[in-house]
Amino acid sequence: SMLWEGQAVDRIDEPLGESNYGIIFPKDKKLDLQQKMNEYIATVKADGSLVALEEKWFGAKEPPEFVSYDDLNGANGTITVAINSASMPFIYLKNNQFVGFDIEFITGFAQEYGYDIQFEDVAFAAILGGVQSAKYDLGISGITITEERRESMDFSDVYHVEDLAVIIRRGAGA
């Protein structure tokens, strides 16, 4: 829940269900990249660093420090990553840098596997379409896994789960 702007909100505590988030890949294309991603997801789930990243980005305050993606070594080439920078706290712009949960997640992946990243900041629908047509190697931007989307693109394993809940502005009446 985004409270960084100091807005008072109430949460209605009957969850509507869960949302599973995944990274999208062109269907049946670079399976090795997808395999590496699933390996990475399993590793960061097991070693606790994924939980730490979630606590950093989904807390009550904007984190004071951001991970840089400027010094990736790119020994294994460059991956093009489609993003939408209007997806706070997953991805947004701060001081002309992309920051957020997804940026730090994908930067960690690139460090681990020796990739450099070329971010392409596009409209959300263009992430889906661009990955589908293999214009981009992958897409990340708080993308919910759905059966409909699975028909036209491949997903990584789940890397983030959110409870869906109703949030109302305090004093707005219910």
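Predicted model: local features only at pLDDT ≥ 70, side-chain atom pairs only at ≥ 80, totals over all residues.
View 1. On the H1 side, the contact is made by Leu33, Lys36, Met37, Glu39, Tyr40, Ile41 and Val44. On the H3 side, Phe105, Ile106, Gly108, Phe109, Glu112 and Tyr113 take part. Of the residues in this contact, nine are nonpolar, one is polar and three are charged.

**View 2. Glycine 100 lies in the loop between strand S6 and helix H3.** Strand S6 spans 97-99. Is glycine 100 buried or exposed? Glycine 100 has 0% relative accessibility, so this residue counts as buried. Leaving aside residues up to four places away in sequence, glycine 100 touches Trp57, Pro89, Phe90 and Tyr92. Lysine 56 is 44 residues from glycine 100 along the chain, and the C-alpha atoms of these two residues are 9.5 Å apart.

**View 3. Three strands form an open sheet.** The strand order is S4-S5-S6, and the pairing is antiparallel. Which strands are at the edges? The edge strands are S4 (86-87) and S6, each of which pairs on one side only. S4 and S5 (residues 91-94) run antiparallel and are joined by two bridges. Alanine 86 stands opposite tyrosine 92 in S5. In general, strands of a sheet pair through backbone hydrogen bonds.

Conventions. Residues numbered from 1 in each chain as written. Heavy atoms only, no water. Contact = heavy atoms within 4.5 Å. Helix = DSSP H or I, 4+ residues; strand = E, 2+ residues; numbered from the N terminus. Nonpolar A, V, L, I, M, F, W, Y, C, P; charged D, E, K, R; others polar. Buried < 20%, exposed > 50% of the residue type's maximum accessible area, 1.4 Å probe, protein only. Pairing = 2+ DSSP bridges.
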